[in-house]
Amino acid sequence: MKILSAAAAALIGLVALSACASGPQQSAAGPLQTASVDGYTLGSGDEIKVTVFGEPDLSGPFVVDGQGNISMSLIGQVQVQKLTFTGAEKAIADKLKDGYLKDPKVSVEMTKGRPYYISGEVNRAGEYPFTAGLTVMKAIAAAGDFTYRADKSKIMVKSAEGTVEQEVVLTPTTPVHPGDAIRIRERFF
């Protein structure tokens, strides 16, 4: 009886260890979901949330205008186009330091990125809203899935900052960035 219970305890221990071992794999998927905005530079049409800690009147949602600026109380226009979130935080803090706040703590988050576009061999081509963690497979699902003629192995992507369309191997984790233009090609039989 003791041997059986020891074997059962060992089996339970192995199951618990295997459950723990799957934890890091799941957390490794987390950065892939946020990879869409890592290193991302702000551009016209992005909606961001600026938080100036301890200053609720200076905090709130802002839209990057056509010139790449946001307009804030006290400091006016702040150029954020082509800046990362960290760069935008620094630019806003620097302007606030210039005669308004002694040591401002600023946080910038994306609330809504530029839309992405999908065309070609999908059922509903068009413009779709970007969300953090978006993958090409999710984008294709939003566009009504592939048509029967679609090439499901490679796609064409033109980034918002780029001028050339690039061929990309389609995987379940292929990310979409705000402003991307995705084209699903027709397969050759």
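Guide: Start with aspartate 46 and arginine 114, whose side chains meet in a salt bridge at 3.4 Å, N to O. A salt bridge here is a side-chain nitrogen of Lys or Arg within 4 Å of a carboxyl oxygen of Asp or Glu. This is a predicted model: local features need pLDDT of at least 70 and side-chain atom pairs pLDDT 80 or more, while totals for chains, interfaces and linings use all residues. Residues are numbered from 1 along each chain as its sequence is written, and side-chain values use heavy atoms, without hydrogens and water.

Visitor: Is aspartate 46 buried or exposed? And arginine 114, buried or exposed?

Guide: Aspartate 46 is buried, at 0% relative accessible area, and arginine 114 counts as buried at 13%. Buried means under 20% relative accessible area, exposed over 50%, and partly exposed in between (1.4 Å probe, protein chains only).

Visitor: How many salt bridges does the structure hold?

Guide: Eight. One of them joins arginine 183 to glutamate 165 at 2.8 Å, N to O. Arginine 183 is partly exposed at 32%, and glutamate 165 is partly exposed at 33%.

Visitor: Which residues are linked in a network?

Guide: Asp151, Lys154, Glu167 and Arg185 are linked by salt bridges. Within that, glutamate 167 pairs with arginine 185, with the closest N and O atoms 2.8 Å apart.
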